[in-house]
Amino acid sequence: MCCMMGDGGGHHCPKKSDDLCSTVCGQESSQVSGMSRIRCILLGVDVKTWIFLFAVVPMCIFGIYLHGQKITYFLRPLWERPPKPFNVIPHYYNQNVSMENLCKLHGWGIREYPRRVFDAVLFSNEVEILNLRWRELHPYITQFVLLESNSTFTARPKPLVFKANREQFKFVENRLTYGMIGGRFKKGENPFVEEAFQRVALDQLLRIAGIMDDDLLIMSDVDEIPSAHTINLLRWCDEIPSVLHLQLRNYLYSFEFHADDSSWRASVHRYQSGKTRYAHYRQSDVLLADSGWHCSFCFRRISDFIFKMKAYSHYDRVRFSHYLNPKRIQSVICKGDDLFDMLPEEYTFKEIIGKMGSIPHSYSAVHLPAYLLENAEKYKFLLPGNCLRETT
């Protein structure tokens, strides 16, 4: 206590050198200045509180700044429920089993002649993966439909990569419908708006390609590759679902890093005029098991990694400029880590914790696209044990 009551009823201050006491002693509390009050409060703060305010709190704020995205994804089970489970159809296949028996095993009949099949994709810069995709599907596709824009989903100018490399795809030229659309270049717009704009344009290109009712339409990104025998099965079998999602084996960077088998966005539709719309989200509850491969960020060159990281719809995941450092990207690829330093996108704590850390290396090259193995030297960067990428 600064001041005490004297015998005569007056105030007495034992520490006259204390400016705060002397200020408070001779004045009513309402007259005490704001600065004096602040000084009084500060004098009452102990050392532990100072350490907390100037060390612990800033560290917490900096930690949230660096890892806020991870915290959000880890807590996802608290604020988002998992989607409704798919009705998974077991997938039967052996090259020595007749198509009639394969259709019967799936509970379907067999047609007198196969349906026509249209494979439609939006193309960015995945030249090698597109080649693998079209080589895999080539025997069973009626028309390859490709749309390319001079704009990324994030409104960045991009070269017409397919047009510049079209010579590589002469083997599909007589069955190719190619379209180019100009970008809108609206800076700051949600990238998914531009993506939706391009998918609507792809609907129009499909009509130009001559798609008709009951034709099969493959809706998937370039790197979501259905297996050839899956498409052959669906074109021959009768009474298949009108919309069927495909379960794909999920790989990252190459076929060395098998993440899981949970890729489901690829789908096959029995086309209906006026109803079927090209999309990349869930459109039915039916999933055909083990139907192909999803090889995400499977590029030959580091420059292609950087381009996609800046170009695709989830550009907001590039939170720091050093994420785009070529040396860092190369290190991440060889370790099987996440390019964006993110936690797994799962809906339960068990699944999140189970998938944390690097993806284990796999040394199996069994059941991969045939063209990949037949041209292993050309595509060795996609095979186990070849994580180093070209720098340009």
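Predicted model: local features only at pLDDT ≥ 70, side-chain atom pairs only at ≥ 80, totals over all residues.

Colleague: How many aromatic pairs are there, and by what rule are they counted?

Modeller: A pair of aromatic rings is described by the distance of the centres and the angle of the planes. Rings of Phe, Tyr and Trp (its six-membered ring) pair if their centres lie within 6.5 Å, and the pair is stacked if the planes are under 30 degrees apart, edge-to-face if over 60, and tilted for the rest. The count by this rule is 18 aromatic pairs. In one of them, F297 and F299, the ring centres are 6.2 Å apart and the planes stand at 85°, so this pair is edge-to-face.

Colleague: Are F297 and F299 buried or exposed?

Modeller: Burial is read from relative accessible area: buried means under 20%, exposed over 50%, and partly exposed in between (1.4 Å probe, protein chains only). By that reading, F297 and F299 are both buried. Another edge-to-face pair is Y371 with Y379, whose centres are 6.0 Å apart and whose planes make an angle of 65°. Y371 counts as buried at 16% relative accessibility, and Y379 also counts as buried, at 1%.

Colleague: Which residues do ring pairs link into a cluster?

Modeller: That cluster consists of F123, W134, F144, F162, F169, F171 and Y178, linked by ring pairs. E148 belongs to strand β6 (residues 143–149), where strands (E, at least two residues) and helices (H or I, at least four) are DSSP runs numbered from the N terminus. With a relative accessibility of 0%, E148 counts as buried.

Colleague: Where does a charge sit over a ring?

Modeller: The test is that NZ of Lys or CZ of Arg is within 6 Å of the ring centre and within 35 degrees of the ring normal. R111 lies over the face of Y113, at 5.2 Å from the ring centre, and R184 has its charged end over the ring of F197, 4.9 Å from the centre of that ring.

Colleague: How many disulfides does the structure hold, and what do they join?

Modeller: A disulfide is a pair of cysteine sulfur atoms within 2.5 Å, and the structure holds three. One joins C103 to C237, with 2.0 Å from S to S; the torsion about its S-S bond is about -90°, so this disulfide is left-handed. Because C103 lies in helix α5 (residues 99–105) and C237 in strand β10 (residues 237–238), the pair ties together parts that are 134 residues apart in sequence. C103 is buried at 0% relative accessible area, and for C237 the value is 0% as well, so that residue is also buried.

Colleague: What can be read from the links of C295 with C298 and of C334 with C387?

Modeller: C295 is joined to C298 at an S to S distance of 1.8 Å, and with -80° about the S-S bond this link is left-handed. C295 counts as buried at 1% relative accessibility, and C298 is buried at 3%. C334 is joined to C387 at 2.1 Å from S to S, and here the 90° about the S-S bond makes the link right-handed. This pair links distant parts of the chain, 53 residues apart, with C334 in helix α11 (residues 326–335) and C387 in the segment after α13 (370–374). C334 is partly exposed, at 21% relative accessible area.

Colleague: How many residues of helix α9 are buried, and which are they?

Modeller: Helix α9 (residues 228–236) is mostly covered, with seven of its nine residues buried, namely A228, T230, I231, N232, L233, L234 and R235.

Terms used:
Residues numbered from 1 in each chain as written. Heavy atoms only, no water.
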